[in-house]
Amino acid sequence: MKNHRIAVIPGDNIGPELMKAALAVLEVTQKVDGGFTLEFETYLAGAAHYTAHGTAMSDGAIAAFC
């Protein structure tokens, strides 16, 4: 069975709500298909992260995409 690791960036404003719905769809798809598994790792980014930390995205989040 193939395993896929997915970096998740919910973002700001409506982003977290949309991401929650998208992840729910992926979870169901994974169960119905049965031929793969998904691992989600959430990273914070966006205006709220910038306000709190002075950067739009953490180094860890950037490294996850490189």
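What radius of gyration does the chain have, and what would a compact globule of 66 residues have? The chain has 14 Å, whereas a compact globule of that length would have a radius near 11 Å; the radius is taken over C-alpha atoms, and the globule rule is 2.2 Å times the number of residues to the power 0.38.

Good morning, colleagues. This is a predicted model, in which local features need pLDDT of at least 70 and side-chain atom pairs count only at pLDDT 80 or more, while totals for chains, interfaces and linings use all residues. Residues are numbered from 1 along each chain as its sequence is written, and side-chain values use heavy atoms, with hydrogens and water left out.

I begin with the overall form. The C-alpha trace spans about 40 × 25 × 10 Å along its principal axes. Of the 66 residues, 17% count as buried, where buried means under 20% relative accessible area, exposed over 50%, and partly exposed in between, with a 1.4 Å probe and protein chains only.

Next, the elements. The chain has three helices and two strands, running β-α-β-α-α from the N terminus on. Helices (H or I, at least four residues) and strands (E, at least two) are DSSP runs, numbered from the N terminus. Strands E1 and E2 pair in the parallel sense over seven bridges; pairing requires that DSSP finds at least two bridges between two strands. From E1 the chain passes through helix H1, residues 15-33, to E2, and this β-α-β crossover is right-handed. That term applies if, with the strands pointing away from the viewer, the path from the first strand over the helix to the second runs clockwise. Among the bridge partners in E2 are Phe36 for Lys2 and Thr37 for Asn3.

How many salt bridges does a search of the whole structure find? The search finds one, a salt bridge being a side-chain nitrogen of Lys or Arg within 4 Å of a carboxyl oxygen of Asp or Glu. Glu41 forms it with Arg5, and the closest N and O atoms are 3.6 Å apart. The pair links distant parts of the chain, with Glu41 in E2 (residues 36-42) and Arg5 in E1 (residues 2-8), 36 residues apart. Glu41 is partly exposed at 38% relative accessible area, whereas Arg5 is exposed at 64%.

Finally, I turn to His49 in helix H2, residues 47-53. Is His49 buried or exposed? At 11% relative accessibility, His49 counts as buried. Leaving aside residues up to four places away in sequence, His49 touches Leu44, Gly54, Thr55, Ala56, Met57 and Ser58, contact meaning heavy atoms within 4.5 Å.
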